[in-house]
Amino acid sequence: MAKLYIGLFLLGLTVACGGGGETASEVAPEAESIAATPETPQSSAPDLSQSGSVTGRVSFEGEAPKMARIRMGAEPSCEEKHGGPIYSQDVVVNDNGTLKNVFIWIKEGMDQYSFETPSDPAVLDQDGCLYTPHVLGVQMGQGIQMLNSDQATHNIHPVPANNREWNISQAAGQEMTRSFPRQEITIPVKCNIHPWMKSYIAVVPHPYFSVTSDDGTFEINNMPPGDYTIEVWHETYGTQEQQIKIDPNSSQNIEFSYSG
Amino acid sequence: MSILRKRPRLEDRPVPEKDPITTSSLATPIAIFSLLLILTLVWALYDEILGLRPWIGYQRDFVKTYQKALVEMKPVRAQEEAAIYGSNEYQELEQALQEAETAIKPALAEIEQEERILGPKLTAITKPFTTARSRVQAAIYLLETANESSKASLEEDLQKLREGPYTVEIPEPDGSLVEKSYSYGEMEEEFNALKVKQGELQARTVELVRPSTQLRRELNTFASARLTSVTEAQVEGLLTRLDNFRVEIKQIYNADIGRVAANGQTPLVDRCESCHAGVREPVILTPETMGGNPLFASHSNRELLTIHDPETFGCTPCHNGNGVATVGVKEGHGNYKHWLWPLYPKAHFDAGCLQCHEADRHLELAPTLNAGKQLFSQRGCQGCHPREGFEPEPRLLRSVQKSILDLRLERNEVEQETQRTISTADRAETNEEADRLYNQADALTLNIADIDTQLDRLTVREADVMLEVKKVGPNLKEVKTKLKKEWIPVWISNPHDFRPTTKMPRFRLDEQQVQAVSAYIWQSGIDVELPQQSSGDPQQGEILFETRGCLACHSIGEESGATGGTFAANLSRVGEKANYDYLVRWIHNPKERTLPYCPIHQRDITPEDYASQGLPFQFDPQHAQCPLGDHLLQVQQPTVMPNLRLSWDESRDVASYLMMQAHEDAAYPDAEYLDDSNLAKQGQALVKHFGCAGCHEISGFENEGKIGTDLTKEGSKPIERLDFGLLTTQAKQEGWYNAKGFFDRKLADPSVWDQGKVKEPLERLRMPNHELSSEEINQLTTFLLGSVESVIPTTHHYAPDDDREEIQKGWWLVAKYNCMACHQFSPGQETVLENLPLYQDPDSRDQLPPSLVGEGARVNPNWLSRFLRNPALSETDTNRNGVRPYLKARMPSFGLSDGEIQQLVRFFNALSKQPLPYTAVPPDPLSSQELTMARELFTHQAAPCLRCHATGDAATDADSSAPNFLLVPERLRSDWTKRWIVHPETIRPGTNMPSGLFRQQDQRWVFGLADVPSLRSYTKDHAELMVRYMFQYTAGEQRRLTSR
């Protein structure tokens, strides 16, 4: 019986394939999608002729928590660079009541597009035994150039969940470039020699991300019009998200707020 | 005669009115029968061609669908290949190769040119030279062996041979031949010079082409490493092969592995691939690619096929079924009454592994079976059911104890015989006779010495095995000091009510029986007052409980809120049942017993027994002698719970925390009846009947045997011997009258076969209810289905006698002590700890216990056995980790026997392919100059080793993240140490030890992070220097460095 069905099925298939041109063209994309490997998604670069942008601010409510003081006595060459007390960067509240070091990115809505990997690397510097910037956003596969502006040796030890973990020594003045191929929000980076050093690298599939600066603002430009989910991430206070709609040739303003 | 006479004559007969010959016709029946005949013929033909050969249709379908899939696949494959060959990386590699090849061309041409000149020269000189050389050597030999008289002339001959002259025509570069004349010495010189030159040219060539050879190798492997499946050309090849596909029976034949039965061995004939045609195809075929037909899919695990080549192993040895049958699915799968080995259902595929892998506790590729075995031992099935391989220790102990008794008897006899012989000798009539007898007595004395040696060895072994014996459940002799009285009957009546995940099963007891059992358990307990403990700090206790690693085995929190391991009890309500003083002692040292047990006197030994012999009341593994005789006592609790080496204060803190784990409204009715001795007497019978002593140590039941069926061969029991009770008919009707049907239902409801039966209470099925999930039932059924009388010849069983045997045995121990809850043994294996909330923050991952992948290659086995015996690596300072003082999780003391320690050491070494015994080769000591250099490098600010590694200073060690260098000389292997400091990343990906400390320069490793002035003129390997330094590292050296 099963054979009969298979026979009929094959017969049907033959008829379907051998039928009019229209039917054949309908079958073709299906065959292609089976054939396609996951590494080559059928997507294209976005049309940016009518692009919009989103700007915003991340405010902070409540009293700014007191940050622990970092004692760099073990590395005098670094301590000298600062010329004053150094505090942990877990929470940095700007003078205007906004939150610094918040990572903002388009979480949903970009899936149908593909993006070129930028050829310019992002830079992560080790200066005064601190990472600069404290939060770094890169695209998947984009180079991260790591510099050591200190006289001390560092080791760069990212602890990813979705990418491969590595740990490499870097002497004063040396530099190296590495990249992460998979999306991850975010990868903590540490230095085993200087346990206070901490930085976060966000790896996203597109160029639509930003990090709040000293005035707590951010800006994401050149976005194709559409509906998106925008997410903010902070190392201490976690994530929040909002829905936005980008109209052609327009700019959106959006506010986020964390409370301490 | 009379017949003839009676026969009427023809004309006498009456003519019938209707003559059948003329009036009736057989046409209809004939037509019917011929039609039937034709139909039968058609049927027979159909059967012959298709009906009894369903595989013909399957194979045709297979070819069609496979062709279609391949045709569809071709462009994709081509695209992938194109992407690979077109990738920048590949192009760059190819270009690099071309460049490299072009770059060396002139140099190669030059070498070739030189070779062109050199080659003919060498050829021209070789023959004359070798001829001359043999002559000279012959002359020398003659001279050496000649007598004095002829020596002079022979010397002369030799001289002549040496002088020559030898003329050789040497070809010149321009092709002309130049005649040269040599003495033998000159010719030898010339020959050697040419040879050396030739060697140089060859070496230069090798050196020159090295980069391009390397590149070519990379280029060749580039594509194969990146291709996810076959290449386009291979697809083409497969299509061509399909064009020539022959529809026929596909058969594997192997006379060596067929089923062994009482009537001998039948050769293996497996025709499974006649229908399952895609099993071994090089392309991975899923049901989706094959038009939704799972029949044509590839084998679901290629790795298994690589290990077990189907040409050797066939299909049915693993899967069961009737490999010969080709007439239908039911027949081929052996799913009919007369086939003893029906195909294992998909959920129980792993069962097939067991008949050859009986000795394996852990099979990488059989997770369901592993889980089944784990459940079997963890739930205490072996408490009632004997099963080979599980809980072998008590049997082993009995046999060792019996051997000791036998040997003692023998020793007595020999001793008496010796005495007799001596006294006979004393009274002997002749000296000769006396002498003979004295000799005999001497021989007997030696015999006694021999027995003593054996006895000593066996006594050590006995003490060893006593440590190895464990019980699944707690020791119930301690019940009076350990438990709250009223809690006991509540627990026994339904343990799952109190603790849903407990391994204690629910026995089907009525209230009176519960009371009786409780009363016996209570009254058989030891009456002792434990020292009163002051209360601890529960907050501190909680921190300790969460960080020391308790959660690797125990869980806390109820239902979905539970976190932790499933190996040991959930402790959410432990405060409702436990006695605080006892809990403190238990946490401080779970091995501690109230009284030792003497297997010879068959009772607990009391302080009075010790006092009666004038001995102190002291018993532990070092003091295990019975005060009443020359034999060993059971001095420890038979628990696998290890000793975490917490201080008394810490133990009180943890116990105080645990005592708070209770429901607020917990209330238990008074249970005064527990002191009723009549009730206890009834209870004693019930304890025996239900086999409580299978899992618990209970007074009066220490030597109780197992009450359940032996399950070693349960899977091959004939179905008639599995009693389905009154459900037999239903089982047959509904199609589950088979072993799987029996196991599944019995495990889900152990009383199921009593359904509808009229039985006395104590005649009913005794197996208690374990509240197993359907997944757990599936795992246990897999294990039981696979527990069979093997029909595979033993030659094919996996019973290696090399290193792999040590690995097999080691896994049993790893499972016994739940080592995998904290440590990783193979890449990708998850531990319980790493999944706990506590370790989710990336920073806290540094606090995880070390991975043990490659442990055998890392540490010195002699050190490892010391460490396993005492993980604190100190007799006095025990409340710490010996190697990693900065880890809050504690490597506990497992109280392993010597045998177990040796087995684990062999296991780790075998896993890392390290031979035993190990002889440490200490690295060369350093010269004073080297010592200075090594110190500078070691403390250089570009590689501050002591910033992360512990130094023995308690204040800084808490923040360190790597072991103390003082451990290096004894703990590590020097070859590993060098590999580690050079490339830590390749040994342990993601380690805190940074890579890139050294870089390769001219065949040696040099420090890569700074220019160290004193090392500039040092031409040896810097990494080697560091290793040599670390292997002579001492406490003095450490003080010297840290005090700077």
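The model is predicted, so local features need pLDDT of at least 70 and side-chain atom pairs count only at pLDDT 80 or more, while totals for chains, interfaces and linings use all residues. Residues are numbered from 1 along each chain as its sequence is written, and chains are lettered from A and ligands numbered from 1 in the order in which they are written.

Let's start inside chain B. In soluble globular proteins, nonpolar side chains tend to be buried together. A nonpolar core here is a set of buried Ala, Val, Leu, Ile, Met, Phe, Trp, Tyr and Cys residues joined through C-beta atoms within 7 Å; buried means 20 or more other C-beta atoms within 10 Å of a residue's own, exposed means 12 or fewer, and partly exposed lies in between, with C-beta atoms placed from the backbone. The largest such core has 57 residues, and B:Leu583, B:Val654, B:Leu658 and B:Ala821 have the most contacts inside it. Several helices of chain B supply at least two residues each, among them α20, α23 (580–588) and α25 (648–659). Helices (H or I, at least four residues) and strands (E, at least two) are DSSP runs, numbered from the N terminus. It is α20(B) that gives the most to this core, with seven residues.

That helix, spanning residues 511–523, also holds B:Gln512. This residue counts as exposed because it has 11 C-beta neighbours inside 10 Å.

A second, separate core of 48 residues includes A:Val102, A:Val138, A:Val204 and A:Tyr228.

Now to where the chains meet: 20 residues of chain A are in contact with 27 residues of chain B. On the chain A side, α1(A) brings the largest share, three residues.

Finally, chain A has an open sheet of five strands, ordered β7-β13-β12-β9-β10, with mixed pairing. Two strands pair if DSSP finds at least two bridges between them. The edges are β7 (135–139) and β10, each pairing on one side only. Within the sheet, β12 (residues 184–190) and β13 (residues 198–204) of chain A run antiparallel over five bridges, and A:Glu184 stands opposite A:Val203 in β13(A).

Key: Two residues are in contact if their C-beta atoms, placed from the backbone, lie within 7 Å.
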